[in-house]
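Good morning, and thank you for coming. I will take a few minutes to walk through one model, from its overall layout to individual side chains.

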Amino acid sequence: MRFVLPTLAALATTALALPIAALLIVGGPRVLSLFGSEFQQGAVVLRVLTAGHCMTAAMGVVSLLLSMTGHQTTVAKTLAITALLNIALNAVLIPPYGAPGAAIATTLTVFTWSVSLALLVRRRLNINATVFGYWVRHS
């Protein structure tokens, strides 16, 4: 497994995302109140989506790696499958949970898409583009 620039990109992206995510997760209601008091009720949705995007950042720029190396059809197929998963999860989670259910469905599908592509990058390109690529190589 090679340690390459994509792993550094994932590390940098995650390092930049974490402080912003911490601000949004801890201070979500206060941040949302800047747009009006009625937005404060979206704090749970903001927290779920923020956590999901941090996990996705940790997976690296895997869709770009696959697309730039001739695997764009695989990226499109994986996106189509996870879009169908998103529709199904929304159908199940929105009726009982409302907007937080939609946020959970979106977070699960975006994370599923990112992990799937990260595994494909490892298998097809022999690159660990995730934040874990550095520690796997140096342990």
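**Overall layout and selected residues**

I begin with contacts, meaning heavy atoms within 4.5 Å: of those in the protein with a separation of 6 or more, 72% are between residues 24 or more positions apart. What you see is a predicted model, in which local features need pLDDT of at least 70 and side-chain atom pairs count only at pLDDT 80 or more, while totals for chains, interfaces and linings use all residues. Residues are numbered from 1 along each chain as its sequence is written, and side-chain values use heavy atoms, with hydrogens and water left out.

The protein has 7 helices and 0 strands; these are DSSP runs numbered from the N terminus, with helices being H or I of at least four residues and strands E of at least two. Along the principal axes, the C-alpha trace spans about 50 × 30 × 25 Å. Of the 139 residues, 35% count as buried, that is, under 20% relative accessible area, as against exposed at over 50% and partly exposed in between, with a 1.4 Å probe and protein chains only.

Let me turn to the interior. In soluble globular proteins, nonpolar side chains tend to be buried together. A nonpolar core here is a set of buried Ala, Val, Leu, Ile, Met, Phe, Trp, Tyr and Cys residues joined through side-chain atoms within 4.5 Å. The largest one has 13 residues, and those touching the most other members are V62, L66, L117, V121, L125 and A129. Helices α4 (62-68) and α6 (99-125) each supply at least two residues of this core, and α6 gives the most, with 6 residues. Leaving aside residues up to four places away in sequence, V62 touches S114, L117, A118, V121 and A129.

Next, T74, which is found in helix α5 (residues 72-97). Is T74 buried or exposed? T74 counts as buried because its relative accessible area is 18%. Beyond residues up to four places away in sequence, T74 touches L120 and R124. The side chains of T74 and R124 make a polar contact at 2.8 Å; the term denotes a pair of N or O atoms within 3.5 Å, where, within protein, one must be able to donate a hydrogen and the other to accept it, and residues adjacent in sequence count only if both atoms are side-chain atoms.

Finally, F35 lies in the loop between α2 (28-33) and α3 (43-59). F35 counts as exposed because its relative accessibility is 56%.
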